[in-house]
Amino acid sequence: MHHRFSLKALVSVCMLLAIAGCSTISANNESADNESPARVQGNLLTLDALYNSSAYRAKSVGSTRWLPDGSGYTDLEQADSGAGHHLVRYHPETQQRTVLVKASELQPAGASAPLSVADYSWSADGDKLLIFTNTKRSWRTHTLGDYWVFDLNSRQLQQLGGDAVPSTLQFAKFDPQGERVAYVMNNNIYVEDLASSRITILTHDGTSTIVNGTFDWVNEEEFFLRDGFRWSPDGRSVAYWQLDTSGTPIFTMINNTDELYPTLKTFPYPKVGETNAAMRIGVVPAAGGDTTWMQIPGDPRQHYLVRMQWAGNSEQLLIQQLTRSQAVNRAFIASADTGKAKELLRETTDSWADYVDNVKFINDGESFTWLSERSGWRHLYRVQRDTGRITAITRGNWDVIEVLQINEANGWVYFIASPDSPLERYLFRASLDGSGKLERLTPDQPGTHSYQLSADAGYAVHTYSSVEQMPQTDMVTLPDHRSLRMIEDNNAAQQAFNQVARADFEFFRVTARDGLELDGFLMKPPNFDPAQDYPILFYVYGEPWGQTVANKWGGERFLYHTYLAQQGYIVASIDNRGTNTPRGFEWRRSIYQQLGVVTVRDQYDALQAMLDRWDFIDGDRVGIWGHSGGGTQTLNALFRYPESYHMGMAIAPVPDLTLYDTIYQERYSGLLPEAAESYVETSAITHAANLQGDLLLAHGTGDDNVHFQGTERLVNELIEEGKQFQFFAYPNRSHSITEGAGTSQHLRTMMAEFLQRHLPAGGR
């Protein structure tokens, strides 16, 4: 039950909301004496400052690239004139700066301004620069655009695609010799000779349903399959995926606002149990000719070809195939000449098997590296090419999180791991010989570290952040991790944040009913008084693709939570079992066919443990919110534990799991019809009649990922059950609900006001 809104709390809230000229708050109670004055005293955040200024916005470094010959790294820097960007090179050791390409050289003849560079890449010899510009979305990412080549010797700028319609090229890349560029256009693959501008079409059957060299919506979203072709190492052939999406049901979204009459957007989208696209992989001569199709066994609509690469030579491909249930991943070696395939390796689970990125052939192609969870932890292995025999390279009760580089020349594999805490990320290297030699290269600096390594692993672009430290990017030497140059320190935004009033932030652990420890964080209000009771708002994701409790900069969401804490709320989050943290195979697989059940049970158990531990949490003022999968978990918390969660805000949720796509949902929830009963039980909509608390439901009508359809079905169910709630639809906004002026601030303001009305703020 809710407490009544006391006069004291009302005055406190009104004062906070009415502050306009006042910019700081300060400690005014004895309990704050042990806290750092710099943390307790400070500026109040406003939503206007968060969403209409850049004061607290950390800059990212996304344009840094290592030159292929190791002579340095390049970056885009604003031209002195303000028009366009120079491409500059820094020497890796001395950090001497050289302008390689002036912005003025990237201005096409007759154009009023230089090209706006969205991305760029180098030819293998470093003599040519490939520029991606004028981009637009294909499905959810900007993969369509125009491509230009700049020749550093002739200083000439050349557009690719001939008389192609603007913004229709995809995934252009140099051949290994740097003489040609291949790209996708209108679902066909083309090769353009740079010297003559002659264009050769490699595939001729691309249509709205036959897709060559790229992918449909669901494969792009869930397997990160976008660029669908690969040059052979000798440049004589191109291997590519082909999809046949005919038979996949078409989803339709309606746009009611942009034209006088509604317009429709349609695209193939296979929901749970529906027909997938058929996938196959072929090899075609780069000069044009017939395609040789790889003979991978199995129904092409009941399997996924999730990864493909040249197998350390120009004669064979390594192809990974998942069953539709994704319980089995099989690795095949296939002949590019005949298409014949041989299975080398198989990973089998009772839930789902992971595909493997960053496979590298070593020992003159006699073996390759492989990630596996067969030991109960994710580790790196070496696989013999001829026999499939597998040998461990890394070992231990910890996970390899990400492989960054396998450097055969110096005998090391470089990877991200955090053996001692799932909240951190550090750089390690291990000996490729399997001797077990392991070194941590990141210094003792708790937080999250990421790296972009040079080809010889002698240098790295290093980015560090922590929960209260915005990202800092510098150039370091390896293995000694000596800093050479600060690339971006975000000092201005950091200083602004340092002046923000905030009190304690802490990580903690609580125990679920079966003894499993769960990680959490707790953010207290400034001027916190432990003798009083405060409302608590949980932020939840809870699904296998996210981690909410981590020692890293949290960006907009962290700043928004800081704003809410200033209003008088405790803000907390719990990573339930199954979330994407480095805690081993069993942790990640324990939620198979239990999404919304065990996941939310952990959230409930954590709440009970926190109420037992901390008297200052008001058990009658408990709220929860989340977006996407977190919105789904919010609904489940409200519906399954209505006595414990009094208020929830579900943004873009999946109330009925059968409405989501095949690849994601069948991976975690099983196949139909076998798992039909489980889908009913794990869907939030089944339990909507239990709603007692206050619910805010918001969704974008143009969400091509989590369809508005599911929220509409939930609305109907709640209406039928006589449940009152607040509902808001954002016209034509996608899953992020960020498009359009003012949208982000509008959503966060609505959430803050709903929170104030239904979960009164402040200590009592």
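A word on terms first: helices here are DSSP runs of at least four residues, numbered from the N terminus. With that in hand, take Pro673, which sits in the loop between helix H10 (662-669) and helix H11 (676-682). Keep in mind that this is a predicted model.

Pro479 is in the loop between strand S36 (469-477) and strand S37 (483-488). Why point these out? Because most peptide bonds are trans.

Now the backbone angle phi. Most residues other than glycine have a negative phi. Asn358 has a positive phi of about 60°. Its loop runs between S25 and strand S26 (361-362). Asn527 also has a positive phi of about 60°. Asn527 lies between strand S39 (517-523) and strand S40 (534-539), again in a loop.

Buried or exposed? Asn527 has 16% relative accessibility, so Asn527 counts as buried. Asn358 has 48%, so Asn358 is partly exposed.

Next, the overall layout. The chain divides into domain 1 (204-357), domain 2 (363-490) and domain 3 (504-758). The centres of domain 1 and domain 2 are 29 Å apart, taken over C-alpha atoms. Their contact draws on 14 residues from domain 1 and 12 residues from domain 2. Together the two bury about 1100 Å², with 55% of that on carbon and sulfur atoms.

What holds polar groups together across this interface? Two salt bridges turn up between domain 1 and domain 2. There are also six residue pairs in polar contact. On the domain 1 side, strands S23 (316-323), S24 (328-335) and S25 (341-348) each give two or more residues. S25 gives the most, with five residues. By class, that side has six nonpolar, four polar and four charged residues.

Last stop, Glu373. Find the loop between strand S27 (367-372) and strand S28 (379-384). Glu373 has a relative accessible area of 11%, so Glu373 is buried. Which residues does Glu373 touch? Leaving out residues up to four places away in sequence, they are Asp354, Arg378, Phe585, Arg588 and Arg589. Side-chain polar contacts join Glu373 to Arg588 at 2.7 Å and to Arg589 at 2.6 Å.

Notes:
Residues numbered from 1 in each chain as written. Predicted model: local features only at pLDDT ≥ 70, side-chain atom pairs only at ≥ 80, totals over all residues. Heavy atoms only, no water. Domains from an automatic or database assignment. Contact = heavy atoms within 4.5 Å. Buried area = accessible area lost by both parts, 1.4 Å probe. Salt bridge = Lys/Arg side-chain N within 4 Å of Asp/Glu carboxyl O. Polar contact = N/O pair within 3.5 Å; in protein donor to acceptor, adjacent residues only side chain to side chain. Nonpolar A, V, L, I, M, F, W, Y, C, P; charged D, E, K, R; others polar. Buried < 20%, exposed > 50% of the residue type's maximum accessible area, 1.4 Å probe, protein only.
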